[in-house]
Structure formats: structure tokens, C-alpha cells
Amino acid sequence: WLSSEKGQSLRLPTECEYHLMLEANNGCTLAKARENEAVDDVATMGAKELAPTPLNANLAWGSPSSVYDGQAPFGGLRGNSWEYCEDWFAALPGYETHPLYEDFSTPCFDGQHALILGGSFASTGNEASVFSRFHFRPHFHNLLSFRVVSGEEHPELTSHDAAKPWAAGWVPPTYKKQSEEGSHKYESAAQLAAYLDLHYGGRGALDGPASSLHSLSLEDALDFPQRCAAKLGSGRRALDVGCAVGGSCKALASSFDEVVGIDYAQGFVDAANALKTNDLNYARSGEASLPGAQCLAHAFTPAEAAKLTFLKGDACALPASLGTFDAVLAANLLCRLQEPLAFIDRLPSLVNAGGRVFFASPFSWMSEYTPPDKWLSPQQLEERMRENGFVLEAAAPEAVVIRDHARKFQFVVSHGMLFRKS
């Protein structure tokens, strides 16, 4: 609307432009605060010390004030009200979760939370610091303001390099819920077919790999990580790509001298490393959004822990420093990679002669993770592995059950494929 009224292209400032404005004001900047934290006055001064100053933060004034705070050339950058940015809230390079509040930021790396900066009159402590990066859904208007800039229509954002679904790429700032007829998930052709099968399909609804399982019992689908690890036999070094919280690595440690686990999720890697020395408590999912029983994941034994290394990494860009391995496990990983061939084509230089690779994948590709032109079938995977010097030794369905809550479980039939390097 404002662009139309002014006859020019306007947008919100980016995170980088916000910090350039701070630098232009020659006040508190990231660079200065790194050298001397006293420069970050809003984090080091209390309300009484701030009250006589133009900086309305730390509840020094107790209410919003004019955006014209005397700062030049850009007023109102700090305190008073949070400022929306063009960027989506996403992790910067080197991001790590803090064990005392591991789910503060990560649930909001979803492409639906806008980045807000500067703090408000009610922001205190670290939240008011120049280093603070916070997040709101764009329809939240409390304690918020915005300014507009005229510039490049689709600027480079700090969220551009974040991994999907963490707001990768430029996303138009539109937040209207789709309400057109047929857009609801139960109006889709796929859902219609699923429910026709539910009501009228009978045993035919099990057509496919599920019909060849020896059992459809949930109990027989347990211990999927351990069953996958057992496919790889024994050797000196094993690599588990997409290791999650380390259960398959623990199993591999019983038959390999050294096991390296890699996962893209920092929280998973942190949990796996914590299990090297401590038990981990967690609440099993209950029902009606309530927590279930309190459970305990037992720490690895000292002998197991000595063999295990857990690293954060990208399966599509595994570093040469990893060395080579006698076995590689990729369980329920392939169809969540942005560049699956980058991982597959890395295997020849990663696996020793005679080494084994075990894939377990439901081949349930989704465009939010992998561009459709890069989706593979089991046959295409076998062909590519053959081109890379691997022979398929065995293939069979592998059942896995994942608990959503006390009354809902995901029963997945992954396709297991064991290859050996010729």
C-alpha cells in the first residue's frame, strides 16, 4: 500500500541494513560491543541508569515513547519497540543450541517467523542487547514497529543460507491462510484416495512392500537403528550418516573399533555427545498434547564412549578429513537430502575396498527437502551405485515405527539395500 502511495518500491530493511544504520549513527554497534561490552549499555546498565538517557529499554521508562530519540541519521533503532526485518528468523553459521534452553530458537526456524531486532521498552538483559536476534510471527503487533527502505526488491538475506525448512531462499512476505475450496488437506486427491482405501480397500490397502513383511506388529518394527547397524557386520571404522541421537552408532560400536556419527541437527549431535557421559531424561509423548511417562536414555558404557565420535555435518558435503571406512550406514536419510547424488557419489572415496554400505529409505520424497528432478527410485539408486563400483548384495523391506503420541504411530516400510564395494 505504501509503495503504491509513494510511487516507489519499498520494503523492510534487512538485518545487514539494520546494522549498517547502527554504524552510521556511530553509537553501539556489534563491532564495538565485541571489543568492549560496556558499549552495549542496554545490557550493562539498569533501569535507573538508563532513565535519564534517550534509550527507552530495560523498563527504564515503563511505556513506549516517540521514535524520534535524537539519534542521527537514523532514529529509534534501539529500544522503545522491536523492528521487523525483511529476513526470516534462521540460524547464522556456527549456531549452537544451549543445553539450558535448547528449544528456544530452533522451533522458530520454520520460514514463518520474522526476524525482529532492537528490543522494546520492556526488553531487559540479553534480550535488549545489540547482539539479540528475536522472532515473531508477522501478525503479532505488540511491542513492534517497522520502518521502510527503498532498494533492491529481493535483497540478500541472512536466512538465504539456512537449511530447509529453515527459511532458505527468498520467501514473499505473505501470511494469508489459504481458504479456497479444495486447498484443505482433506480436499486433496491423495487424501480422497487414502480414505476410499480405508473404507473400501480391505486387504488391498496393504499392497506393496508391506505385504511382504513377515509381521505387521508394531512390536516387530521396534529397534530399527539397531537392526540397520547389524546389517554391516564388523570391521575397523564405521560411519553413520544421519545418526540422529546415536542408537545405531552404539550398536555399531559392538563390532567396529571406531564409529563416527554425523547429523545435520545440532540438537541430535549434542544429545548423542551428552550420552557419552550422562543419562538423558525425556518425556515420552502422551495424548491430547500432554506429556507421557518420564523415560531415561542410558549413557553409553565407557568402552562404547571411547569408540564414538559425533559431529554436526552435511551429508551432501562430507569433508575429506573424515578419512575412509569399512562400513557406511544411511538409515532413513536419502529422501531428506537436498542433493542425494552428492552423497551417493561421495561413497567411492569414502568406502574401503570390500566395504559395505546399507541404505534404508522409504523413498518418500518431498519437494520441501529435495527438488523433484532429483528424486530417485530404488532401481535408480542401484544403477548409480553400480556405476560407482558397488554391487547390490541384498534388498528387503525394513519396518520402522515412530511414536507420535499414545494413540498414533507412524508405521513405515523402508527399503533396505546392502551394497559391497567391488
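Predicted model: local features only at pLDDT ≥ 70, side-chain atom pairs only at ≥ 80, totals over all residues.
Glu83 stands opposite Ser145 of strand 5. Towards strand 3 (residues 114-117), strand 2 runs antiparallel and is joined by three bridges. Here Glu83 has Leu117 as its bridge partner, while Trp88 stands opposite Ala114.

These pairings belong to an open sheet of four strands, ordered 4-3-2-5, with mixed pairing. Strand 4 (134-136) and strand 5 are the edge strands, each pairing on one side only. Strand 2 (residues 82-88) is mostly covered, with seven of its seven residues buried.

Strand 7 and strand 12 pair in the parallel sense over three bridges, and Leu239 has Val328 of strand 12 as its bridge partner.

In soluble globular proteins, nonpolar side chains tend to be buried together. The largest nonpolar core of this model has 29 residues, and those with the most contacts inside it are Val328, Phe343, Leu347, Val357, Phe359 and Met385. The elements that each supply at least two residues of this core include strand 7 (235-241), strand 12 (325-331), helix 11 (340-344), strand 13 (351-361) and helix 13 (378-387). With neighbours within four places in sequence left aside, Leu347 is in contact with Val328, Val357, Phe359, Met385 and Phe390. Another core, of 26 residues, lies apart from it and has among its members Cys249, Val269, Leu329 and Val400.

## Aromatic pairs

A pair of aromatic rings is described by the distance of the centres and the angle of the planes. The model has eight aromatic pairs. Phe104 and Phe134 form a tilted pair, at 5.8 Å centre to centre and with 35° between the planes. This pair links distant parts of the chain, with Phe104 in the loop between strand 2 and strand 3 and Phe134 in strand 4, 30 residues apart. Phe104 is partly exposed, at 31% relative accessible area, whereas Phe134 is buried at 15%.

The ring centres of Phe343 and Phe359 are 6.2 Å apart and their planes lie at 80°, so this pair is edge-to-face. Phe343 belongs to helix 11 and Phe359 to strand 13, 16 residues apart. Phe343 is buried at 0% relative accessibility, and Phe359 is buried at 1%. Elsewhere, Trp82, Phe104, Phe134, Phe136 and Phe140 form one aromatic cluster.

## Helix 6

Is helix 6 buried or in the open? The number of buried residues among its twelve is zero, so helix 6 lies largely in the open. At 1.5 Å a residue, helix 6 (residues 189-200) should span 16 Å, which agrees with the 16 Å between its end C-alpha atoms. Just after helix 6, Gly202 takes a positive phi of about 60°.

Conventions:
Residues numbered from 1 in each chain as written. Heavy atoms only, no water. Buried < 20%, exposed > 50% of the residue type's maximum accessible area, 1.4 Å probe, protein only. Pairing = 2+ DSSP bridges. Core = buried A, V, L, I, M, F, W, Y, C linked by side-chain atoms within 4.5 Å. Contact = heavy atoms within 4.5 Å. Expected span 1.5 Å × (residues − 1). Phe/Tyr/Trp six-rings, centres within 6.5 Å; stacked < 30°, edge-to-face > 60°.
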